[in-house]
Amino acid sequence: MGSLMEGPLKSSAAQTLKLDLHGRAQGSNALAQLIVGGSIRPDVFISVTPAPVLTVLRAGKAESAHPIARTEMVIAYSPKSKFAEKFAIAARIAGSEILGPLPAGIKQDRRPAPAVAWWQLLQEPGLRFGRTDPVTDPQGRNIIFTLMLAEKLLRRPGLAEKILGPTINPQQIFTEPTVMARLQSGELDAASAYKIQPGPFNLPYVTLQPEINLSGELVHTDHPEISLTVNGKTYQPEPLIFYAVALNDAPNKSGAATFVEWLTSDEAQAIFRGYNYDPPGSASGLHA
């Protein structure tokens with residue numbers, strides 16, 4: 001959400017609310033801990049999934065959180081990758097729309113490469129896959145949950161470990177702001193992503209089945225046996241809802257409240273839709 005905050009939301013908030021936004025993009029869990037510990041004192045905290053937000057609410061740093069948008073997990077890939085053509089075909093197999101440009105040199109009417117599913121492609125020898133740290137970033141856990149759900153629903157025992165290796169795999173883990181840039185440069189072949197991330201980098205992606213892409217609100221209820229323990233803490237899969245929180249000790253308290261309310265307005269929601277975010281639907285607010 002960093003590019004959106006620093007782009008159209010920043011300019012619209014300046015024009016409509018007379019607020020000058022300054023953002024900090026980082027893993028949500030890490031930011032939540034910095035807020036709780038008093039190391040940083042922002043006006044507003046925005047996070048995907050409820051867990052980081054509940055950390056802030058339960059520490060008494062805010063009273064409530066408002067759902068503002070929704071997204072889903074996808075597999076982004078590099079047009080420069082030697083696997084790019086296979087990913088483009090895998091997207092068709094999944095019944096997915098191919099967004100972004102076809103890889104250079106690939107013509108629509110040429111004979112396609114042998115078709116394989118996205119989860120088979122991710123097991124190709126030599127494929128360089130990127131993801132974020134499951135300790136500090138919800139997305140790092142969400143790709144693990146996505147593959148655990150795929151393992152269950154596709155009946156492919158061991159699929160998650162075959163693709164990801166150990167939970168903390170230094171060869172795959174990068175900081176969140178650098179993953180799309182590494183794909184764009186061709187340093188990585190594919191990476192986990194939220195649907196809203198590849199677009200600003202003109203990167204194509206493979207959409208995943210709704211049963212595994214964490215877009216459903218009942219993902220934990222439907223799959224209570226799916227859990228992940230990292231550094232002694234156990235997590236369950238959560239729907240990919242973005243929440244906004246006006247913090248109690250915000251330096252600009254009235255501006256924080258005004259901005260959070262504005263994020264749910266028609267004006268802000270139209271901006272979200274223009275950048276591939278889905279509406280929060282029936283998601284409820286969170287309270288301390």
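**View 1. Helix α9 (residues 176–185) gives the most to the lining of the largest cavity, with three residues.** This is a predicted model, where local features need pLDDT of at least 70 and side-chain atom pairs count only at pLDDT 80 or more, while totals for chains, interfaces and linings use all residues. Residues are numbered from 1 along each chain as its sequence is written, and side-chain values use heavy atoms, leaving out hydrogens and water. Helices are DSSP runs (H or I, at least four residues), as are strands (E, at least two), numbered from the N terminus. On a 1 Å grid over the protein atoms alone, a cavity is a set of points where a 1.4 Å probe fits but cannot get out; lining residues have an atom within 4 Å of a point. Here the lining is Thr 132, Gln 139, Glu 176, Val 179, Met 180 and Gln 197. The volume of the largest cavity comes to about 40 Å³, counted as the space filled by probe spheres set on the points, which are joined across faces, edges and corners.

**View 2. Which residues of α9 are buried?** They are Val 179, Met 180 and Leu 183 (buried: under 20% relative accessible area, 1.4 Å probe, protein chains only). They sit on the same side of α9 because they cover an arc of only 85° around the axis, taken from the directions from the helix axis to the C-beta atoms. The buried residues of α9 pack against β3 (73–77) and β5 (190–194), with contact meaning heavy atoms within 4.5 Å.

**View 3. Just past α9 comes Gly 186.** Gly 186 takes a positive phi of about 90°.

Key. 1 Å grid on protein atoms, 1.4 Å probe; cavity = no way out; pocket = protein on both sides within 12 Å on 5 of 7 lines; lining within 4 Å. Buried < 20%, exposed > 50% of the residue type's maximum accessible area, 1.4 Å probe, protein only.
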